[in-house]
Amino acid sequence: MSRKKIMIVMLIVVMTFPILLSSCQFDILGKEEEYRITNVKIFKDTPVWELALAVKNEKTRTIEKLAKENPELLNYQEPKYGATLLLWAVGMEKYKSAEALLKCGADPNIASTVDGMTPLYLAAGFSWIDNYAKKDPKFVKLLLKYNADPNITYGGNAIIEPGTSPLMNSIRCGIEKTKALVEAGAYINYKTKSGTTAAIKALLAGQNATLEALEYAHYLIVEKKAKVTDPYYPWLVYEENNIQELYPVDILRRWVYPLDSEEYRIKMEIVEEFARQGVNYWDTEIDKYKLVSEEKALEIVMENEKSGINRIALVTSGKGLKGHEFEEVLQIYRNIKEKTGIGLCASLGILSYEQMICLKEVGVTTYHHNLETNREYYGKICTTHSYDERINTIKNAQKAGLKICSGGIIGVGETMLDRIKLALQLKELNIKSIP
């Protein structure tokens, strides 16, 4: 393959993932004239415009001069987002300007009027211009030095639960940020309305993750003894009456790592702390989920069709379906096909060619089956079935006349070369749709 083609594949793989993660707190993308939060022009035609330009260009002497002449400008909140210049400086990674503003007396605890975001909450996560890479704690430490309150929580939006703390926001965004917040007095056992804590966030981050991602749970639970005995209600965020109860140990059960790995050693230290708090990991039941009923499936499909959704899929966990379970799925599809006009997809794990034919006969047109990663790295993230079984499943679906949707998982310790090899494997299989 030519160097040009390899570079194109690399760009696609590298660029796609951050784009998916860039649904941030503010509407930060768009045309410049619309004055998104990242555009300094949100401060234009306000009393702080001259100071805003100095902040943008990190002219610290000008900042100091203007602040001395008009100290009331330091905490001015522009009308669209309610952002202060300190919040803007943190979001745009203008460290010198942020430091100058704080030295001049800017209040680090003023939250935006749109969603209640403080500069510290923002700094605990990722900035507006880098949504996944930079984990430098310097902004967090700077704000804490000037008395930023680590326990002022976020107002919330459609993605993030109201009441989320800076400590929770720091999970996976830099372990040194997490440590700095704890050392500054962040409440380790603080809960949101759903019962979510920083420890729960850390446990969720440790599922099928890199060694680095496991540090947060180890630090909070093993070193700082964060409480892991109370339940939480994950669906309460989305449905007020959905009080399905889960426990931190339910998350830890989903940490699956090779027995001889460093990740497994870390998990066992966390298991020991669970035991110290009275939670026996080995006695907990593994979650079991039944196949949705034919009536419930039809109800869900009809509701989605009314909302304008034109395709829907039945998705199951586990290696694959056989016997009566597969027959139940076929009947669900028959019922949906008969009573709706919605397009049918399926994601049912490893299936034979004969099973794919059955799916096509009941109206399924597209089969989803991820490769997860390239062949060489596959054994490090999955041991229950082989890479060839995945390849053969895709080929079985193609042979049966089904369209294929297939991709992989990014961020499980693989290298850039692993990602490129995955992209080339998908190309070799003639995959036209990647989730």
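Which residues of helix α11 are buried? They are Ala213, Leu214, Tyr216, Ala217, His218, Tyr219, Leu220, Ile221 and Val222. Buried means under 20% relative accessible area, exposed means over 50%, and partly exposed lies in between, with a 1.4 Å probe and protein chains only. Helices (H or I, at least four residues) and strands (E, at least two) are DSSP runs, numbered from the N terminus.

This is a predicted model, in which local features need pLDDT of at least 70 and side-chain atom pairs count only at pLDDT 80 or more, while totals for chains, interfaces and linings use all residues. Residues are numbered from 1 along each chain as its sequence is written, and side-chain values use heavy atoms, with hydrogens and water left out.

The chain as a whole comes next. The protein chain has 19 helices and 4 strands. It holds 435 residues, of which 48% count as buried. Contact means heavy atoms within 4.5 Å. Among contacts in the protein chain with a separation of 6 or more, 70% are between residues 24 or more positions apart.

The expected span of a helix is 1.5 Å times one less than its number of residues. At Ala217, α11 bends by about 30°, where the bend is the angle between axes fitted to the seven residues ending at a residue and the seven starting there. The buried residues of α11 pack against α8 (166-170), α9 (175-183), α10 (198-205) and α13 (262-276). After α11 comes Lys225, with a positive phi near 60°.

Side chains of opposite charge can pair when their charged atoms come close. A salt bridge is a side-chain nitrogen of Lys or Arg within 4 Å of a carboxyl oxygen of Asp or Glu, and by this rule the count comes to 16. In one of them, Glu273 and Arg276 meet at 2.8 Å, N to O. Both lie in α13, 3 residues apart, about one turn of the helix. Glu273 is buried at 4% relative accessibility, whereas Arg276 is exposed at 54%.

Another salt bridge joins Arg390 and Glu372, whose closest N and O atoms are 3.3 Å apart. Arg390 lies in helix α18 (residues 387-399) and Glu372 in the loop between β3 (364-368) and α17 (375-378), so the pair ties together parts that are 18 residues apart in sequence. Arg390 is buried at 9%, and Glu372 is buried at 15%.

Arg419 and Glu414 form a further salt bridge, at 2.8 Å from N to O. Arg419 is buried at 18% relative accessibility, and Glu414 is buried at 10%. Elsewhere, salt bridges that share partners join Glu93, Asp130 and Lys134 into one network.

Arg419 is also among the buried residues of helix α19, which include Asp418, Ile420 and Leu422. The 13 residues of α19 (residues 416-428) should span 18 Å at 1.5 Å a residue, and the end C-alpha atoms are 19 Å apart, which agrees. Asn430 follows α19, and its phi is positive, near 60°.
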